[in-house]
Amino acid sequence: MRLLGLLAGPLAAAALLLIPSGLHEVPGAGHRPAAAAAVAAWMALWWFTEAVPMAWTSLLPLVLFPSLGVFGVRGLPSAVGRSALPYVDPYIFLFLGGMALGAALEQWHLHRRIALLIMRTIGTEPRRLLLGLLLATAFVSLWISNTATAVMMVPIGMALVSQLESAEGRRLGHFGAALMLSVAYGSNIGGIGTKIGSPTNSVFAGVASRRLAAEVGFLEYMVAALPFVLLFLPLVWWVLWREGRLDALGPGRGSDLIERELAALGPLSGGEKVVGTVFLVAAALWMGGDFLRDVLAPWVASAFGGFKLLGKHYEAAVAMLAAGTLVLLGRLSRGALARVPWDTLLLLGGGFALAAGIEGSGLSTYLGVRLAGLESLGLLAQYGAVALSTVALSAVASNTATVNVLLNVLPGSLPLLAVSTFAASCDFALPAGTPPNAIVFGSGYVRLPTMMKLGGALDLLASAVLTLHGLVWVRFVLG
């Protein structure tokens, strides 16, 4: 598959560029829409097949856009500069700062303490234990990457299964699978809830800014996304418990392990207090950004003349200031920073560059005409088609690659793009769907038929819930 993708990428690009088609007939655009489509096809094929590392694919616009004249600007320096500008988009620095904060939480094990406290609060009776692990994982995933969340929570889940099996004197195939899948599914769903929870959310914010000139604030995004998280988590628990209860477990016996884990962490350390304080201040500033921009900034502008608070620059500044503060205070080490997914920053930059090329070349106008049929459908059909197709595509391609492609070709409706973004994190049926799925599948407690059975049901449920959520709530918040 990788070899086929490696060959298919440049061949598809050459075909789109050289074979006459409607792409070459866009008024006033010349060959530029065909050139942008060629680069988009090349990148999409390499992303979907992972023919080369995804970060490398993300660098293609730096070379191909200037050489193919995608932007139609004169002079190589101007073309290179316009192609490179998306790689330093403020949303990339927001994601970088957010990931650095997450690395600090990991370094001081504060995220682990939070997860264990949530589980202890909810209880250790089997149903409650399953719910506790699911909710704890989702909460942590709101603030650090879903992959890092899964890596942290898998050992906790495996230890809980091991203790329960020891107490029962038998293997708990059904409950063990449900417990481990709660880690994968909680990581995926929790990451939807905030702008820093998953790279897909930063892609959405960047595309909305560049394509629609719409700045979606941190709190505004949470208001649109978090209700889906809160609504869908009980459905996930219900589906998983239907599998887990087949083992007919007795009273809960996980409390001893949770207490031992908390005791091993010891009292709250000075490092945890500092990191927690900085994190809470940053979260408060992010969530208060809409108020500062819409209410306070106009007053400041009138008082001091010309001052304007821009949403994405403000959020990125808060993120980088918080990360810099932790570095200066010695609470964020170089080792922790090394765990930040730097290649994901390139992936985000490549997605933003692709969006800029599609818009600047005139390809977006061409695609808008061709996709007008979707907008002619009823709203229910529009949201249903977008949710279901995004979930299906993310089953065979990474969720970040999925949104990088779909958000640039779907009709320019902000609520519709938001629903597609949420849906990209909602494949639960295959290990390749998301990194947490793959991590949990590698634990040995989850068999592929079980994941496909439970995950397939959740894929359909997610598509249905997202359709209604988009119609009823997201249109109200972002419309």
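# Close-up views of a predicted model

View 1. Is Asn-408 buried or exposed? Asn-408 is buried, because its relative accessible area is 4%, and buried means under 20%. Setting aside neighbours within four places in sequence, Asn-408 is in contact with Val-207, Arg-211, Gly-351, Leu-354, Ala-355, Ile-358 and Leu-367.

**View 2. Helix 2 meets helix 22.** Here we stay with helix 22 (residues 399-406), whose axis comes within 9 Å of the axis of helix 2 (residues 32-49). The two axes cross at roughly 160 degrees, so helix 2 and helix 22 count as roughly antiparallel to each other. As for handedness, helix 2 passes helix 22 in a left-handed crossing. Helix 2 brings Ala-44, Trp-47 and Phe-48 to the contact, while helix 22 brings Ala-401, Thr-402, Asn-404 and Val-405. Sorted by class, that gives five nonpolar residues, two polar ones and no charged ones.

**View 3. Helix 10 crosses helix 25.** Now look at helix 10 (residues 173-190) and helix 25 (residues 448-478), whose axes come within 12 Å and cross at roughly 50 degrees. That angle is why helix 10 and helix 25 are called oblique to each other. This crossing is right-handed. On the helix 10 side the contact is made by Ala-177, Leu-181 and Tyr-185; on the helix 25 side, by Thr-450, Met-451, Leu-454, Gly-455 and Leu-458. Six of the contact residues are nonpolar, two are polar and none is charged.

**View 4. The largest nonpolar core has 120 residues.** Which members touch the most other members of the largest nonpolar core? They are Tyr-185, Phe-204, Phe-232, Trp-286 and Leu-478. Helix 12 supplies the largest share of this core, with 13 residues. Zoom in on Phe-232: not counting residues up to four places away in sequence, Phe-232 touches Ile-189, Phe-428, Leu-458, Leu-461, Ala-462 and Val-465. There is also a second, separate core of 33 residues, which includes Ala-29, Ala-34, Trp-42 and Phe-65.

**View 5. Pro-10 is part of helix 1.** Pro-10 lies in helix 1 (residues 2-18). With 29% relative accessibility, Pro-10 counts as partly exposed. Leaving out neighbours within four places in sequence, Pro-10 is in contact with Trp-42 and Trp-46. For a sense of scale, compare Pro-10 with Leu-328: these two are 318 residues apart along the chain, and their C-alpha atoms are separated by 46 Å.

**View 6. His-109 and Ala-213 each have a positive phi.** Neither residue is a glycine, yet phi is about 60 degrees at His-109 and about 55 degrees at Ala-213. Where does each one sit? His-109 is in the loop between helix 6 (90-107) and helix 7 (110-122), and Ala-213 is in the loop between helix 11 (199-212) and helix 12 (218-244). His-109 is partly exposed, with a relative accessible area of 43%. Ala-213 is exposed, with a relative accessible area of 66%.

Note on methods:
Residues numbered from 1 in each chain as written. Predicted model: local features only at pLDDT ≥ 70, side-chain atom pairs only at ≥ 80, totals over all residues. Heavy atoms only, no water. Helix = DSSP H or I, 4+ residues; strand = E, 2+ residues; numbered from the N terminus. Buried < 20%, exposed > 50% of the residue type's maximum accessible area, 1.4 Å probe, protein only. Axes fitted to C-alpha atoms, helices over the stretch in contact; angles between N-to-C directions. Parallel < 35°, antiparallel > 145°, perpendicular 65-115°, else oblique. Left-handed = near helix turned anticlockwise from the far one by under 90°. Contact = heavy atoms within 4.5 Å. Nonpolar A, V, L, I, M, F, W, Y, C, P; charged D, E, K, R; others polar. Core = buried A, V, L, I, M, F, W, Y, C linked by side-chain atoms within 4.5 Å.
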